[in-house]
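Please look over the model below before reading the points. They are meant to be checked against the coordinates.

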Amino acid sequence: MNGKTQIGFSIGPYRIENGLVLAPMAGITDAPFRALCRQQGAGLTVAEMVTADQSLWHTRKSRLRLPHLDEPEPRMIQIAGADPQMLAEAAKANVDLGAQIIDINMGCPAKKVCKKAAGSALMRDPKLVEQILHQVVRAVDVPVTLKMRTGWSPSERNAVEIARMAEQEGIQVLTVHGRTREDKFQGEAEYATLAEVVQAVGIPVIANGDITSARKAEAVLKITQAQGLMLGRAAQGRPWIFSQIEAYLQHQRDLDDPPLIQQQQMIRQHLQGLYATYGDIMGVRIARKHLGWYLKEQGQAHCRHAFNLLDSPEAQQLWVAEQMNLLQRMKHCD
């Protein structure tokens with residue numbers, strides 16, 4: 001591709017100009033991380049998956065995952081379950097709380113989800129899928145989207161069939177991860193099936209799976225002709241990947257990782273958001289996994305143990321400042 005790469009799509013009244021989406025990841029894409037990724041170029045962020053079983057929404061964890069009106073628009077949340085009526089009721093409840101886009105999960109490969117015949121397990125039962133799509137779309141007056149995989153196993157790829165059904169039932173955008181449920185996250189994602197889905201439907205398709213760099217993003221778009229890209233694990237410890245991809249697709253310009261001083265500011269902002277969201281005790285614990293991803297990206301994974309011993313926000317923030325200053329001095333000495 002030469003010059004600007006065409007990308008972008010609409011979900012109902014919402015236009016995602018750069019076509020770049022942060023994937024919903026349980027325990028990761030909470031409000032502080034979504035805010036950071038938006039700042040770094042994500043055109044759309046999806047809240048963590050919530051169960052369709054409203055009897056489980058009383059926990060603090062579930063309440064934090066539900067829509068909050070103080071978040072930027074469009075507020076998009078993903079629901080998971082296997083009962084059509086329960087999913088429809090959950091969609092309505094989320095809209096009442098402020099959700100502006102409902103995403104149905106048919107992509108999660110986790111055993112605890114699949115053993116309840118939810119997530120990617122649903123793809124083995126197209127009739128049930130049809131019932132779910134029919135009821136959820138008709139239960140709410142906001143756009144409904146669908147995230148799925150290419151099928152249950154390499155011998156049971158039915159993404160094209162499900163995609164056509166989804167379009168008929170009123171799903172407005174599809175996201176397809178280039179693996180089957182059996183693949184989990186192993187091996188390499190394949191994009192030929194995604195290209196087939198794009199050709200089979202008239203609604204926007206978002207490509208997902210192993211999009212780890214700006215050049216890989218361009219290659220996936222070329223293969224699939226998708227209208228958007230969704231990134232998940234590639235953004236862990238590297239939220240600026242969105243701005244790097246946008247710069248390359250729009251201007252064929254390679255952006256380096258931000259200077260260490262900017263990375264420090266981002267990390268400290270991220271940690272502060274975690275403390276504000278979860279409180280000091282839980283915020284400190286959750287900060288440990290996020291900081292581990294940042295350190296890995298900086299080639300400093302061996303420092304993670306020292307950070308994990310810290311038990312207060314003040315100690316964590318001071319450690320980050322000192323560690324980043326040390327890296328800065330080491331860089332100047334090279």
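1. Basis. This is a predicted model, in which local features need pLDDT of at least 70 and side-chain atom pairs count only at pLDDT 80 or more, while totals for chains, interfaces and linings use all residues. Residues are numbered from 1 along each chain as its sequence is written, and side-chain values use heavy atoms, with hydrogens and water left out.

2. Helix pair. H8 (residues 214–224) packs with H9 (residues 241–251) at an angle of about 55°, and the axes are 8 Å apart. Helices are DSSP runs of H or I with at least four residues, strands are runs of E with at least two, and both are numbered from the N terminus. Axes are lines fitted to C-alpha atoms, for helices over the stretch in contact, and angles run from 0 to 180 degrees between N-to-C directions. H8 and H9 are therefore oblique to each other (under 35 degrees counts as roughly parallel, over 145 as roughly antiparallel, 65 to 115 as roughly perpendicular, the rest as oblique).

3. Contact of H8 with H9. Ala214, Arg215, Ala217, Glu218 and Leu221 of H8 meet Gln244, Ile245, Tyr248 and Leu249 of H9 (contact means heavy atoms within 4.5 Å). These residues divide into six nonpolar, one polar and two charged (Ala, Val, Leu, Ile, Met, Phe, Trp, Tyr, Cys and Pro count as nonpolar, Asp, Glu, Lys and Arg as charged, the others, Gly among them, as polar).

4. Second largest pocket. Its volume is about 340 Å³. Among its 19 lining residues, Asp30, Glu48, Leu64, Thr277 and Tyr278 are the closest to the centre. H10 (260–297) gives the largest share of the lining, five residues. A pocket is an open set of points on a 1 Å grid over the protein atoms alone, with protein on both sides within 12 Å along at least five of seven lines; a cavity is a set where a 1.4 Å probe fits but cannot get out, and lining residues have an atom within 4 Å of a point. Grid points are joined across faces, edges and corners, and a volume is the space filled by probe spheres set on the points.

5. Cavities. The whole structure has three cavities of 30 Å³ or more. The largest cavity has a volume of about 90 Å³. Of its 13 lining residues, Arg34, Ala47, Glu71, Arg75 and Met76 are the closest to the centre.

6. Backbone. The Glu73 to Pro74 peptide bond is cis, with omega near -10°. Asp210, in the loop between S10 (205–208) and H8, has phi near 60°.
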